[in-house]
Amino acid sequence: MNFFGWIGQRFIESLLYIIDFTYFLTHSLSVWQVQRNVFNKAVYSSLLGQLIFTGVDAIAMISFLAVMAGIGITSQLIYIMHAITGASDLTDILARLVVSELGPVITGVILVGRSCSAIAVDLGNTKVRGEIEPLEYMGIDVDDYFVVPRIVCMIISQVILALYFSIITILCGVFFSAYIYNFSAQESLTQLLNTMDINIVIVFMLKNLFFGLIIGAMACFHGLLVENSPTQVPQQMQRAVVRGLVFLFLADGYFSLFTL
């Protein structure tokens with residue numbers, strides 16, 4: 001196969017993959033149809049368990065990285081902000097960098113590496129053990145019980161953890177700068193808060209909602225692609241992580257391009 005043939009084949013494969021993934025996501029989120037019994041005790045129990053695993057258990061790692069990012073990145077930008085002219089412009093850059101970029105992206109990468117891989121392995125092993133077919137025979141929809149709770153929890157965790165990461169990063173950077181460089185922490189926080197407008201908040205929410213949707217759907221999609229062989233579980237897990245990161249950065253680039 002020549003180079004152009006290989007490119008064409010890869011393009012067709014990528015297009016078919018995107019179509020399959022989009023159909024899976026659309027079908028899974030059709031829970032708002034009247035005939036779908038998604039609001040039941042079993043789904044709520046699964047939702048709570050996934051929320052604890054995806055969100056609560058990730059707080060320690062998010063906190064550590066937020067503190068390190070605050071000391072290593074935010075404090076340096078604050079120092080530059082006070083060292084040269086145009087402090088308001090640099091404050092705006094700091095707010096946009098931490099809130100619009102660092103918070104969502106680093107949180108998304110952590111959730112892809114930690115939760116996306118775990119969900120893919122969990123669903124893959126569930127299919128290998130043959131635990132899904134009996135539920136379908138009992139009339140339990142796979143999307144209602146397995147997919148929707150994981151996607152919803154991933155969206156909630158992405159939004160809350162990204163907000164938590166941004167707050168901790170900014171606070172650590174400001175107070176570290178105030179201690180090391182003898183700055184006024186109150187003045188720095190006031191300048192940062194003054195640069196926060198409704199546009200930054202809207203972009204933050206939309207970006208994190210989309211990130212959580214993509215990560216959760218990607219994990220469930222590849223986990224349910226496992227058939228009967230245990231060797232397919234790590235393969236699909238790897239694909240979920242790699243493609244989750246690819247889609248994450250593509251989405252981040254899209255938001256960055258249209259919010260400049």
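Start the tour at the second largest pocket, whose lining counts 13 nonpolar residues, one polar and no charged ones. (Nonpolar here covers Ala, Val, Leu, Ile, Met, Phe, Trp, Tyr, Cys and Pro; charged is Asp, Glu, Lys and Arg; the others, Gly among them, are polar.) A pocket is an open set of points on a 1 Å grid over the protein atoms alone, where a 1.4 Å probe fits, with protein on both sides within 12 Å along at least five of seven lines; lining residues have an atom within 4 Å of a point.

Before clicking on, know that this is a predicted model, where local features need pLDDT of at least 70, side-chain atom pairs count only at pLDDT 80 or more, and totals for chains, interfaces and linings use all residues. Residues are numbered from 1 along each chain as its sequence is written, and side-chain values use heavy atoms, with hydrogens and water left out.

Still at that pocket, its volume is about 290 Å³, meaning the space filled by probe spheres set on grid points joined across faces, edges and corners. Select Val99, Ile167, Ile170, Leu193 and Met196: of the 14 lining residues, these are the closest to the centre. Then colour helices H4 (87-128), H6 (142-180), H7 (185-195) and H8 (198-223), which each give two or more residues to this lining. H6 gives the most, with five. (Helices are DSSP runs of H or I, at least four residues, numbered from the N terminus.)

Next, hop to the largest pocket, at about 360 Å³. Select Arg10, Glu13, Ser14, Tyr17, Ile18, Val242, Arg243, Val246, Phe247 and Leu250 to see its lining. Helices H1 (3-28) and H9 (232-258) each supply at least two of the lining residues. By class, the lining has six nonpolar, one polar and three charged residues.

Keep Arg10 and Glu13 on screen: they form a salt bridge, with their closest N and O atoms 3.4 Å apart. (That means a side-chain nitrogen of Lys or Arg within 4 Å of a carboxyl oxygen of Asp or Glu.) Both sit in H1, three residues apart, about one turn of the helix.

Now pick Arg150 and Asp122, a salt bridge at 2.9 Å, N to O. Arg150 lies in H6 and Asp122 in H4, so the pair ties together parts 28 residues apart in sequence. Arg150 is buried, at 5% relative accessible area, while Asp122 is partly exposed at 31%. (Buried is under 20%, exposed over 50%, partly exposed in between, using a 1.4 Å probe and protein chains only.)
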